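The sequence and structure come next.

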Amino acid sequence: MEPFRTNERLEKTMRMSRRVPGAAAPRTGPVRAVAAVLASAAALAALTGCAGFEYREHICSDGEYPALNVGTTGSTCVPEGEAPPAGYVKYPRGKVPQEVDDKWDTYWRTHTVDEKGAIVEVPAGN
């Protein structure tokens with residue numbers, strides 16, 4: 001058996017890859033349009049930093065309220081309608097943290113309530 005010559009192989013490949021006259025070309029318009037829309041959305045999300053889609057974690061679950069540990073920066077969540085456990089008090093009105101890292105959550109990391117109910121600053125390291 002004699003090996004194919006380079007020209008014969010090339011000619012055979014060209015004959016096999018020819019388009020059939022009258023055959024429809026593949027539709028790439030809709031695919032390109034969808035790809036362009038997706039690329040635009042990804043670019044917009046990257047440029048805006050997903051502004052408006054920020055997730056905020058609540059301090060307590062629905063049906064609970066936060067209570068502050070007297071003398072420390074600790075807290076717990078208490079079911080609505082129940083009193084805080086021993087050693088805990090309700091946060092002062094208007095100073096209740098609602099979400100992690102909100103104004104009052106960060107405030108109570110350095111403050112607490114003493115045994116008399118006064119708001120005091122917690123010494124560093126406690």
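## Basis

This is a predicted model, in which local features need pLDDT of at least 70 and side-chain atom pairs count only at pLDDT 80 or more, while totals for chains, interfaces and linings use all residues. Residues are numbered from 1 along each chain as its sequence is written, and side-chain values use heavy atoms, with hydrogens and water left out.

## Sheet

β1 and β2 pair in the antiparallel sense, over 5 bridges. Strands here are DSSP runs of E of at least two residues, helices are runs of H or I of at least four residues, and both are numbered from the N terminus; two strands pair if DSSP finds at least two bridges between them.

The open sheet has 3 strands in the order β2-β1-β3, with antiparallel pairing. β2 and β3 (88-90) are the edge strands, each with a single partner, so one side of each lacks a neighbour in the sheet.

## Disulfide

There is 1 disulfide, defined as a pair of cysteine sulfur atoms within 2.5 Å. C60 and C77 form this disulfide, with sulfur atoms 2.0 Å apart. The pair links distant parts of the chain, 17 residues apart: C60 lies in the loop between α2 (29-48) and β1 (64-69), and C77 in strand β2 (residues 75-79). The torsion about the S-S bond of C60 and C77 is about -90°, so the disulfide is left-handed.

C60 has 14% relative accessibility and counts as buried, whereas C77, at 29%, counts as partly exposed. Buried means under 20% relative accessible area, exposed over 50%, and partly exposed in between, with a 1.4 Å probe and protein chains only.
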